[in-house]
Number of protein chains: 2
Amino acid sequence: MTRLIECVPNFSEGRRPEVIRAIAQAIIGVKSAEVLDIHMDIDHNRSVITFVCEPEFAVEAGFSAIQKAAELIDMTTHKGVHPRIGACDVFPFVPLDDVTMDEAVKLANRLGQKVGKELQIPIYLYEFAAKTPERQDLANIRRGQYEGLCQSISYDTSKVPDYGPTKINLKSGATAIGARGPLIAFNVFLATQEKSIGTKIANAISESKGGFKFVKSLAFEIRSKNQIQVSMNLTNYQKTPISRVFETIKSETERYGVKIVSSEIVGLIPFDAVADVVNFYLRVEGFSKEKVLEEKLKQITAKSNSQSINKF
Amino acid sequence: MTRLIECVPNFSEGRRPEVIRAIAQAIIGVKSAEVLDIHMDIDHNRSVITFVCEPEFAVEAGFSAIQKAAELIDMTTHKGVHPRIGACDVFPFVPLDDVTMDEAVKLANRLGQKVGKELQIPIYLYEFAAKTPERQDLANIRRGQYEGLCQSISYDTSKVPDYGPTKINLKSGATAIGARGPLIAFNVFLATQEKSIGTKIANAISESKGGFKFVKSLAFEIRSKNQIQVSMNLTNYQKTPISRVFETIKSETERYGVKIVSSEIVGLIPFDAVADVVNFYLRVEGFSKEKVLEEKLKQITAKSNSQSINKF
């Protein structure tokens, strides 16, 4: 089996598909790198590329992506509702299967060092890769955003980057590079234009405001839909499942007479999180991928007859 | 790619695992046959084995299963809440991928002929394999069950089998062999012991009683749980999705002050049916297996880099 690390970089460009396509091309130009999903958002003016790669090629793939973003995205003119500090705003390494978090942290450091030096972009290491407790939380790194950091990096000692120059790169901004576990990026759209309602709901579910332990949430105005979006990261979907968060949003919105219009999953989600939705809403006892026809058909190629019987 | 046909035989034994294990062993003793799922039910006293097989070996695998069931199951002493006519009660062929329904019908005929002749078991062909409109519906074939058929087969001209003797096989009963599309077997458990409530709810969703076009449903007493089960076959989950049926059951049960305790999926379900649950309950726009991490990881082995980009 090939060992793989997942990378989920976010770029400050959500309106020009040709830019995101060029970055994806730069990624898959590197040996073993494969793009799994591309999510562009017009209102956030931001895109998420999900790719996997063998660990030994991950720094090269990451560097190619960040280099291409630095070439094609100009932060001096970027506008969008989502907080961001740079052209490649955030670059997390997510270990899969046999890869350890320690290895992901090492990759984050190697990539940070290379980007800092060769592209002259300030790099902040976050979450498992953070070198101080404060930088474990990406929100702290991103506070003040690109515009704030342009100023504060020169005088605020808490803004000294882990790699690269202590001076903003005006065109490319700065980049947060980290190592983290899998998360689900889940957005819910509300039939209202009052952002204050969205913020109350985001606060109701966010750990930092007294909500669920493994939820980070912000509300954004989505002008293209005339709706408010409650945008979430679910950082431990086993302990804080999608269904529980969704039902809480539903009950909170009812209080304001606001309806949930739709939702979206940004990037990919693990099958276990899908199974949770089935188990919760249909009250199934122990639904899992073992109950899915296509999954079982795939398994039989890898399994001998005697094993399938022994499992019974 | 190997061509596969799915078989989902139901056996009138749900209490002795060694019997079902022996039948499964008989199936996988045949070349290319692989058991995907085994579901035993104590109250139904019935088991469902889901297996796949290359079409050219499917008659042999089916025959082995029915022969073993005829050897180990005695209908003269069988009791259980689910309607049944024989030791192997029903044997459907379900074409997958490249296999046609016409081929499934031919297999049903070949298996029926062989079982009728060599095991002296009366065979009724149903659904796409039926030779008369009346026998398209399995419920018509099973009406009166084993006990009724023991008598009626000798005088009721509508009970003349398609293959095998016009005389019940006392130990093995009769077997319905058919060809059909995929279906979802889905059971909901109610916190009541009043079967009449279960029957009212089963009727509310059953096509034959004015319910949904693609639902067949019966209510059963489940003594092992002191509950009533609404047992369903969803024969077209695209047009009548699980979520709609479940929500209808929920609203009908509320009327009687009865709660849904749990549900179960018998056998396997296609991923599309799972995606429907996510789309409906979380109001996702277009959730599909393309959003599932494990699925995408499997796809990359079969797909070149350039293809994944071109899809974007």
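## Close-up views of a two-chain predicted model

View 1. Residues are numbered from 1 along each chain as its sequence is written, and chains are lettered from A and ligands numbered from 1 in the order in which they are written. Helices (H or I, at least four residues) and strands (E, at least two) are DSSP runs, numbered from the N terminus. By class, the contact of α6(A) with α7(A) has five nonpolar, two polar and one charged residues. For these classes, Ala, Val, Leu, Ile, Met, Phe, Trp, Tyr, Cys and Pro count as nonpolar, Asp, Glu, Lys and Arg as charged, and the others, Gly among them, as polar. The axes of α6 (residues 195-205) and α7 (residues 242-255) of chain A come within 10 Å and cross at roughly 140°; axes are lines fitted to C-alpha atoms, for helices over the stretch in contact, with angles running from 0 to 180 degrees between N-to-C directions. The two helices α6(A) and α7(A) are therefore oblique to each other (under 35 degrees counts as roughly parallel, over 145 as roughly antiparallel, 65 to 115 as roughly perpendicular and the rest as oblique). Their crossing is right-handed, a label for a near helix turned clockwise from the far one by less than a right angle, with anticlockwise giving left-handed.

**View 2. Helix α8 of chain A crosses α8 of chain B.** The axes of α8(A) (residues 271-282) and α8(B) come within 9 Å, crossing at roughly 70°. That makes α8(A) roughly perpendicular to α8(B). In this case the crossing is left-handed. Look for A:Val274, A:Val277, A:Val278, A:Tyr281 and A:Leu282 on α8(A), and for B:Val274, B:Val277, B:Val278, B:Tyr281 and B:Leu282 on α8(B). Sorted by class, this helix contact has ten nonpolar, no polar and no charged residues.

**View 3. Chain B touches chain A.** The contact takes 42 residues from chain B and 42 residues from chain A. On the chain B side, at least two residues each come from α1 (17-28), β3 (34-41), α7 (242-255), β11 (260-266), α8 (271-282), α9 (293-302) and α10 (305-311). That side of chain B divides into 27 nonpolar, five polar and ten charged residues.

View 4. The domain assignment of chain A gives domain 1 (5-179) and domain 2 (184-269), with bounds from an automatic or database domain assignment. The C-alpha centres of the two domains lie 25 Å apart.

**View 5. A:Phe220 sits in a strand of chain A.** The strand that holds A:Phe220 is β9 (residues 215-222). A:Phe220 counts as buried because it has 22 C-beta neighbours inside 10 Å; a residue is buried if 20 or more other C-beta atoms lie within 10 Å of its own, exposed if 12 or fewer, and partly exposed in between, with C-beta atoms placed from the backbone. Leaving out residues up to four places away in sequence, A:Phe220 touches A:Asp43, A:Val81, A:His82, A:Gln229 and A:Ser231.

**View 6. B:Gly14 lies in a loop of chain B.** The loop runs between β2 (10-11) and α1. With 22 C-beta neighbours inside 10 Å, B:Gly14 is buried. Not counting residues up to four places away in sequence, B:Gly14 touches B:Met40, B:Asp41, B:Ile42, B:His44, B:Asn45, B:Arg46, B:Ser47 and B:Gly80.

**View 7. B:Ser32 and B:Asn226 have positive phi values.** Most residues other than glycine have a negative phi. Phi of B:Ser32 is near 75°, and this serine lies in the loop between α1 and β3 of chain B. B:Ser32 is partly exposed, with 19 other C-beta atoms within 10 Å. For B:Asn226, phi is about 55°; its loop lies between β9 (215-222) and β10 (227-234) of chain B. B:Asn226 counts as exposed, with 10 C-beta neighbours inside 10 Å.

Key:
Predicted model: local features only at pLDDT ≥ 70, side-chain atom pairs only at ≥ 80, totals over all residues. Contact = placed C-beta atoms within 7 Å.
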